[in-house]
Amino acid sequence: MAGATPARSRHDDPRVRDRLEVIRDTKRQLVIDAARRVFEAHGLEGASIRLIAIEAGCTTGAIYPYFRGKEEIYAAILSQTLIALKQFIEQHLARHRRPIDRARAALAAFYAYYKAHPTELSLGLYLLRGAGVRPVGLSRDLDRALNGQLRTVFDAIIAAIADAGFDRAQARAVDGVSHAIGLLVMDGTGRLRIFREPADGLMMDYLERLLPQQ
């Protein structure tokens, strides 16, 4: 009929779109949570979309509308981890006012986050392999995006160290992060017990040497 107004789709209703978006996000997160457990158990190479689907209680076909492959799911997990890490560091920075305290708090927070979430550190370190420390298993675009997120984490640490008046802030940040990861790996594998030194105390002592009171 001429001049008639076209019938509106249910999806044109903002409330319907919002509900559908919530459902989509919920299903996507269920896949991510299931994949996290599979990756923790099997690593990236040993995992498969089939294993993730079994863990999520769905079919493999139900995963592909959200992710094109296991690499994209793995990247989503690492992305969420980096977001949480950055927020954790920012929360710790907000608790301190003196620049020296903020500088130490930035690195202490990096250490504390992964101490509380050891599997997340393991998942992140799985990307590094071989003497060349090359990322494996992810596409160049995914790796670039994750590196960008990781850079924002480092930038927060570097800025706190620089604001405290220390020179070579980036080198100090890399040094502190590397030391934290080394302690976490030794502590997590039980090797630190050989020296009968607590990891937390060693980390705090190191921060006082790396970032001394000026």
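A: The model is predicted. Let us begin with burial: a residue counts as buried under 20% relative accessible area. In helix α1, the buried residues are Val16, Val31, Ile32, Ala34, Ala35, Arg36, Val38, Phe39, Gly43 and Leu44.

Q: What covers the buried residues of α1?

A: Their cover includes the helices α2 (49-56), α3 (70-94) and α5 (118-125).

Q: How is the span of α1 to be read?

A: One sets the span against that of a straight helix. For 33 residues at 1.5 Å a residue, a straight helix would span 48 Å. Helix α1, residues 14-46, spans only 42 Å between its end C-alpha atoms.

Q: Where is the kink in α1 centred?

A: The kink is centred on Glu40 and amounts to about 85°.

Q: Which residues make the nonpolar surface patch?

A: Met186, Ile194 and Phe195 make this patch of about 310 Å². Met186 belongs to helix α7, residues 169-188. With a relative accessible area of 31%, Met186 is partly exposed, and a residue must have over 30% to be part of a patch.

Q: Which residue in the loop between α6 and α7 is to be noted?

A: That residue is Arg168, where α6 covers 140-163. Arg168 is not a glycine, yet has a positive phi of about 45°. Because exposed means over 50% relative accessible area, Arg168 counts as exposed at 62%.

Q: Where does Arg196 lie?

A: Arg196 lies in the loop between α7 and α8 (199-210). Arg196, also not a glycine, has a positive phi of about 55°. Its relative accessible area is 77%, so Arg196 is exposed.

Methods
Residues are numbered from 1 along each chain as its sequence is written. This is a predicted model: local features need pLDDT of at least 70, side-chain atom pairs count only at pLDDT 80 or more; totals for chains, interfaces and linings use all residues. Side-chain values use heavy atoms; hydrogens and water are left out. Helices (H or I, at least four residues) and strands (E, at least two) are DSSP runs, numbered from the N terminus. The expected span of a helix is 1.5 Å times one less than its number of residues. The bend at a residue is the angle between axes fitted to the seven residues ending there and the seven starting there. Buried means under 20% relative accessible area, exposed over 50%, partly exposed in between (1.4 Å probe, protein chains only). Contact means heavy atoms within 4.5 Å. Patches are made of residues with over 30% relative accessible area and no salt bridge: like charges are joined within 9 Å, nonpolar side chains (Val, Leu, Ile, Met, Phe, Trp, Tyr) within 5 Å. Accessible areas come from the Shrake-Rupley method with a 1.4 Å probe; for residues, only the protein chains shown count as cover. A salt bridge is a side-chain nitrogen of Lys or Arg within 4 Å of a carboxyl oxygen of Asp or Glu.
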